[in-house]
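This report looks at how side chains pack and pair in one protein model. The sequence and structure come next, followed by the terms and the findings.

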Amino acid sequence: MKYFVGLLLSLLSISAFSQNEVDKDYCGYGDIPQWVKDKTTPEEYKIWETLSPYYLINYSCLKNRNLKGRAKETFYENMRNLCDNVNSGKLPPKGTRIGYADIVLDSLSAYSTESVRCIEKKYVIYSSLDGYDAHAELTLDYTVSQQGIPRIVNWSVHAISFSGLDVDIEECFFEEDMKKTHGPRLYYVAERKMFKGYYCGYLSFTNAEGKRFREHMNVNFYLTP
C-alpha cells in the first residue's frame, strides 16, 4: 500500500485531552511563539491568530524544510477550512490539538457530528499494449469534505487479469530519494475537479502459452471522483 507522501505534511493529528495533559511541544490557548511571525506571511499568521484560541498547536511543523510547494498549499488550505469552521461556530472539543503527524485524518470532519464515509474506487490506468488481458489497476480511497472537496486517504496500484493470467507489477524507482522526484504520485486538481496522477513501473505477465512478457509503464492520467 503506497501512501500519497505529499499529503503527509498537509494533514492534522487531532485528539482530545484535558488541559493539564498538554505536552511541552504544544502551546496553550492564544499563545503563538514570536518566531512564527518570521516563518509566515501576514495572511498565514492571521490564520494562526484565528485558530490559537480554540486549538492547542504545535508550531514545529512550520520549521520543516519539506513544508513547501504543493505540500504547503494543501496544509494552509486545511488551516483556512478550520478557520471557516470556527468562524461559523463549529468549535472543536476542548483540548483538540493541531500538529505534525503521519496519520491520515480528514481534518474538516474529525469533530463533525456527521459520519464520514470513505469512498473506494478502482480505475484501470494501463493495459498491455499487445492486447493481452494484463492491466494495472489503481485503488483509491478518499473522503469528501463538507465543502465538497475530495481528500485522498490512500491509494495503491496492482496488477489484474480478468482471465486469470499470471501478472505482476514493480515500480521503476526503488531508492527513496528517486521516488520523491520521479516516483508515483496522485493529487486532486480543484480547477478540473479531477484527480491527476502519474505512475512509472513495469507490468509483467505470462500468456496462455507460458511466454513471459514485461512492459514498461509511464503513464499520466486524470480520474473522475
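## Terms and basis

A residue is called buried under 20% relative accessible area, exposed over 50%, and partly exposed in between, with a 1.4 Å probe and protein chains only. By that scale Arg212, at 42% relative accessibility, is partly exposed.

This is a predicted model, in which local features need pLDDT of at least 70 and side-chain atom pairs count only at pLDDT 80 or more, while totals for chains, interfaces and linings use all residues. Residues are numbered from 1 along each chain as its sequence is written, and side-chain values use heavy atoms, with hydrogens and water left out.

## Nonpolar cores

A nonpolar core is here a set of buried Ala, Val, Leu, Ile, Met, Phe, Trp, Tyr and Cys residues joined through side-chain atoms within 4.5 Å. The largest such core has 26 residues, and those with the most contacts inside it are Ile125, Leu138, Leu140 and Tyr199. Two or more residues each are given to this core by strands E3 (119-127), E4 (135-144), E5 (150-160), E6 (166-171), E7 (185-189), E8 (194-206) and E9 (212-223); helices (H or I, at least four residues) and strands (E, at least two) are DSSP runs numbered from the N terminus. E9 supplies the largest share of this core, five residues.

Leaving aside neighbours within four places in sequence, Ile125 is in contact (heavy atoms within 4.5 Å) with Ala136, Leu138, Val157, Tyr199, Val219 and Phe221. Apart from this core lies another, of 19 residues, which includes Val36, Ile47, Tyr59 and Ile98.

## Salt bridges

Side chains of opposite charge can pair when their charged atoms come close. With a salt bridge taken as a side-chain nitrogen of Lys or Arg within 4 Å of a carboxyl oxygen of Asp or Glu, a search of the whole structure finds four. One of them joins Glu43 and Arg80, whose closest N and O atoms are 4.0 Å apart; because Glu43 lies in helix H3 (residues 42-51) and Arg80 in helix H4 (residues 69-87), the pair ties together parts that are 37 residues apart in sequence. Glu43 counts as exposed at 52% relative accessibility, whereas Arg80 is partly exposed at 36%.

Arg212 forms a salt bridge with Asp166, with the closest N and O atoms 3.5 Å apart; since Arg212 lies in strand E9 and Asp166 in strand E6, this pair ties together parts 46 residues apart in sequence. Asp166 is partly exposed, with a relative accessible area of 48%. Arg214 pairs with Glu170 in a salt bridge whose closest N and O atoms are 3.2 Å apart, and because Arg214 lies in strand E9 and Glu170 in strand E6, the parts that they tie together are 44 residues apart in sequence. Glu170 is partly exposed, at 28% relative accessibility.
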